[in-house]
Structure formats: structure tokens, C-alpha cells
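Welcome! Take a moment to look over the sequence and the model below, and then let's walk through it together with some questions and answers.

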Amino acid sequence: MKTTTATAALFAVVTSTASAFSAPAAPVILPGEVDTTAAFAASTFPISPSDLINRAKQVLSPEIGIGTKDSGACLATDFEFVAAVVGPIGREEYLDALGGFKLEESFDIEQNTFGFTVDPLQPNRVWWYGRQISTQIAPFMGAEPSADSSTELTLPPQSFHMDFNEDGLVKEFGFYTVDRRQGNTGGLGGAFGYFYGVGKPLPIRECQPYKPSFKFRMLGLIGKIGKKLSSKKE
């Protein structure tokens, strides 16, 4: 009886808490929020947002692979690749670098992409997110898959973007980690995440998990000391 009473009481609290929230009757518009309908209506870029998103997905498809499977036919002559610490690098350098570096030969990769949208303030740019989960299936950088089970890497969430010219060719492609505390690759995305994930990080600072510099740590320490001294005076 006591257990039943306690359970009923807990259920009542949870139900009460849940029912306390009610969704706004009308969409909430924040001060300064972009009116996307007006922005796209005023845009002179010839490709509509829906068509541009479809074009981005087409370029991302296994058949094209952002230029790696179509000999760069989808890339503009002035194409650049840029990431947090890599680039910008031009079209030929990009194709040469990825031509000999094929992650899919060593990993079964789930891209887990979502949230495709066109930037209303830069209507030739498509944004989206990805949460890659990869299982190692073959040697990579000298690292073998685990003997008992394949090595699974969970990269942190990453924000991707792709810019197009008026002919639908890619002018820029790039990505950045947006939450370094998630995943098991030390907060590193892209190829650096794979290097670190299999235990073969490149011996440079940019390929290591984030660590505050000595000066930054000292600045934080000075702030804490100053706060303590201020509270004592009060």
C-alpha cells in the first residue's frame, strides 16, 4: 500500500509538472529575428532555397562525394575548402588531398545529417548538421580494428556549410565542431577526429583535444583571486 501511494504521489507530481507547460498559441518571433520569407523574396540569387538544398544533398551523395567521385565536376574553378584549422585550400589541392585519403575504405560511416537550411542573409549558402558514427572495418593509419568488436568512433556534432555559384557549382565547403564535449574523439571533427579516435593523432597541437593555454589559465586564476579578495572586503 505504501509503495502504491508513493508511486501515485510521484506520478501526480510528474503529471502536474508536465501539464504546467503549454505551447504558445502563435509562433514566437524574437526581436531581431530574420523574416526569412521577406529575405528570400528580396534575394536575387537565381536558385530557390528548396532547389539549393536538393543540390547540396546531390553533391553530398555517394555518387558525387563533394567532388571526389565525379572528378571535381561539381566544383567551381574558384572552389575553396575551409575548416577550423585547415584551409582555405583551392580546388586542385583539395582533390589531390582527398584522392589519396578515403575514409570509407577503413570505416563504415553513418553521416547522420539533419537540419538542412538556406541562410536568409547569404542565400547561396546551405547549412546543416552532422553527427557521424563510424565503425572501423579495416586498418587505418596503421591501427587495426578491435579484435573482439569493431572500433566505433562517435564524432562531436559538426556544423557544415556549402556555398554555390549561380550555375549550381560549389564555391566553398567547410565544417566546424559545435560541441567539443560530445563524442569519443577528443572533441575533434573531420579527419583529425579519426586520427585521434584510433590512437594515431598527428603530433601537432591542432590535432589534439582542446587544452587552455598557460596564459588563459593564469587569467582565470587571477579572476578567481580577485573575486575572493573582493568578497572579503564586503
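Predicted model: local features only at pLDDT ≥ 70, side-chain atom pairs only at ≥ 80, totals over all residues.

Q: Which residue of strand 2 does F81 stand opposite?
A: Strand 1 covers residues 75-83 and is joined to strand 2 by two bridges. These two strands run antiparallel. In strand 2, the residue opposite F81 is I89.

Q: What links R125 and D163, and how many residues apart in sequence are the parts that the pair ties together?
A: The two residues form a salt bridge, with their closest N and O atoms 2.6 Å apart. D163 belongs to strand 8 (residues 158-164) and R125 to strand 5 (residues 125-130), so the pair ties together parts whose separation in sequence is 38 residues.

Q: Is D163 buried or exposed?
A: A residue counts as buried when its relative accessible area is under 20%. The relative accessibility of D163 is 6%. D163 is therefore buried.

Q: Which residues are joined with R125 into one network of salt bridges?
A: R125 also forms a salt bridge with E172, where the closest N and O atoms are 3.2 Å apart. E172 lies in strand 9 (residues 170-177) and R125 in strand 5, so this pair ties together parts 47 residues apart in sequence. Through shared partners, the salt bridges join R125 into one network with D163 and E172.

Q: Where does the R91 and E92 salt bridge place its closest N and O atoms, in terms of how far apart they are?
A: R91 is buried, with a relative accessible area of 19%. E92, at 47% relative accessibility, is partly exposed. In their salt bridge, the closest N and O atoms are apart by 2.7 Å.

Q: What is the accessible area of the nonpolar patch formed by F214, M218, L221 and I225 together?
A: One member, L221, sits in helix 6 (residues 214-233). At 40% relative accessibility, L221 is partly exposed. The patch lies on the surface, and its four named residues, F214, M218, L221 and I225, together have an accessible area of about 370 Å².

Q: Where is I66, a residue other than glycine with a positive phi?
A: Phi of I66 is near 50°. I66 is buried, at 12% relative accessibility. Its place is the loop between helix 3 and strand 1.

Q: Is N112 buried or partly exposed?
A: N112 is not a glycine, yet it has a positive phi of about 50°. It is found in the loop between strand 3 (107-110) and strand 4. With a relative accessibility of 32%, N112 counts as partly exposed.

Methods. Residues numbered from 1 in each chain as written. Heavy atoms only, no water. Pairing = 2+ DSSP bridges. Helix = DSSP H or I, 4+ residues; strand = E, 2+ residues; numbered from the N terminus. Patch = residues over 30% accessible without salt bridge, like charges linked within 9 Å, V, L, I, M, F, W, Y side chains within 5 Å. Areas by Shrake-Rupley, 256 points an atom, 1.4 Å probe, with all protein chains shown as cover. Salt bridge = Lys/Arg side-chain N within 4 Å of Asp/Glu carboxyl O. Buried < 20%, exposed > 50% of the residue type's maximum accessible area, 1.4 Å probe, protein only.
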